[in-house]
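Morning, everyone. I have one structure to walk you through today. Please have a look at it first.

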Amino acid sequence: MHPLAPSTVLNMLRDNGFQKVKLFDADSATLNALANSGIQIMVGIPNDMLYNLANSEQAADTWVAKNVSSHISSGGADIRYVAVGNEPFLSSYNGSFLGTTLPALRNIQSALTKAGLSTRVKVTVPLNADVYESPANLPSDGDFRSDIHDLMLSIVKFLSDNGAPFTVNIYPFISLCSDPNSPLGFAFFGNKSFPLNDGGTIYDNVFDANHDTLIRALQKNGYGSLPVVIGEIGWPTNEHKTRPVVTSVFA
């Protein structure tokens with residue numbers, strides 16, 4: 001891989017009108033490049049750091065001081081969110097982060113409060129769309145995945161209590177391509193061939209259906225007013241490649 005220089009990426013973001021960006025870490029060079037750019041930032045904490053942050057308030061305090069406070073106090077980076085982990089409840093992780101995500105979230109929130117940043121910078125957990133499901137395959141039947149239902153409600157309550165959003169990563173093409181019986185046209189906007197009728201609400205693409213499944217899950221559990229952020233989204237670069245172009249820009 002040959003990563004582009006942060007300054008080059010910044011120019012690309014500006015040229016394409018982006019005003020917000022989601023990072024997977026809190027790389028100092030990247031944050032310095034984004035300083036005074038007018039672009040709002042979500043910094044990230046990798047999953048492999050969750051255990052330490054969950055078990056040490058001091059570690060959380062140190063992380064916030066180094067990766068958030070120092071950049072904000074210098075009048076530079078416009079950090080708005082801290083993403084605690086990234087898709088930590090993916091089924092493929094076999095529960096590796098179930099016990100550490102919420103405690104890490106709490107400790108980072110506490111560290112932000114102690115730093116006097118809790119009103120300016122909000123915590124969140126970018127979650128994959130597989131944390132919710134619909135047994136009837138209809139958005140109106142949406143609820144959180146049964147094996148993590150109680151944990152999800154604890155996280156949602158914590159986010160709500162702290163004025164923080166629910167962040168979800170939705171990949172329309174990936175969500176359909178694993179099922180040979182799914183019409184791939186439904187993965188794209190403007191599809192007219194395979195509409196989904198949910199009690200009179202017509203969906204012509206899987207993104208809207210997926211998003212509304214989450215909204216219904218939140219409503220069903222008493223958190224219908226919780227703000228939702230789209231952390232990542234992507235589609236194939238062409239019909240022969242299934243790897244999506246990731247747009248890690250929260251909206």
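**From a loop to the core**

Let me start at Asn94, which sits in the loop between β3 (78-84) and α5 (101-114). Keep in mind that this is a predicted model. Is Asn94 buried or exposed? Asn94 counts as exposed, because its relative accessibility is 69%, and the cut-off for exposed is over 50%. Now look at the backbone. Phi of Asn94 is near 55°, a positive value in a residue other than glycine. Why point that out? Because most residues other than glycine have a negative phi.

Asn36 gives us another case. Its phi is near 60°, again positive and again not in a glycine. Where is Asn36? Find the loop between α2 (28-34) and β2 (40-45). With a relative accessibility of 61%, Asn36 counts as exposed.

Buried or exposed, would you say, for Asn205? Asn205 is buried, because its relative accessible area is 2%, and buried means under 20%. What does Asn205 touch, beyond its neighbours within four places in sequence? The contacts are Phe186, Phe188 and Phe189. Gly185 is 20 residues from Asn205 along the chain, yet their C-alpha atoms are separated by 7.9 Å.

**The whole protein**

Let's step back. The protein has eight helices and 13 strands. Its radius of gyration is 19 Å, close to the 18 Å that the globule rule gives for 251 residues, so the protein is as compact as a globular protein of that length. Along the principal axes, the C-alpha atoms fill a box of roughly 55 × 40 × 30 Å.

How much of the protein is buried? Of the 251 residues, 47% count as buried. The exposed surface comes to about 12,300 Å², and carbon and sulfur atoms supply 51% of it.

Next, contacts along the chain. Take contacts between residues at least 6 apart in sequence. Of these, 63% join residues at least 24 apart.

A word on charge. There are 16 positive and 22 negative charges, and their mean positions are 7 Å apart.

**Inside**

Now the interior. In soluble globular proteins, nonpolar side chains tend to be buried together. Here the largest nonpolar core has 60 residues. Which members touch the most others? They are Val43, Trp63, Val68, Val82, Ile108 and Phe166.

Pick Val68 and follow its contacts. Leaving aside neighbours within four places in sequence, Val68 meets Val43, Trp63, Ile79, Val82, Leu112, Leu117 and Val121. Three of those names, Val43, Trp63 and Val82, were in the previous list too.

Val21 lies in strand β1 (residues 20-22). Val21 is buried, with a relative accessible area of 8%. From Val21 to Val43 is 22 residues in sequence, and 8.7 Å from C-alpha to C-alpha.

Last stop: His71, in helix α4 (residues 57-73). His71 counts as buried, because its relative accessibility is 7%. Which residues does His71 touch, not counting those up to four places away in sequence? The list is Ser28, Leu31, Asn32, Lys66, Gly76, Ala77 and Ile79. Ile79 was among the contacts of Val68 as well. Thanks, everyone.

Note on methods
Residues numbered from 1 in each chain as written. Predicted model: local features only at pLDDT ≥ 70, side-chain atom pairs only at ≥ 80, totals over all residues. Heavy atoms only, no water. Core = buried A, V, L, I, M, F, W, Y, C linked by side-chain atoms within 4.5 Å. Buried < 20%, exposed > 50% of the residue type's maximum accessible area, 1.4 Å probe, protein only. Contact = heavy atoms within 4.5 Å. Helix = DSSP H or I, 4+ residues; strand = E, 2+ residues; numbered from the N terminus. Rg over C-alpha atoms; globule rule 2.2 N^0.38 Å. Areas by Shrake-Rupley, 256 points an atom, 1.4 Å probe, with all protein chains shown as cover. Lys, Arg positive; Asp, Glu negative; His and termini not counted. Charge placed at Lys NZ, Arg CZ, Asp CG, Glu CD.
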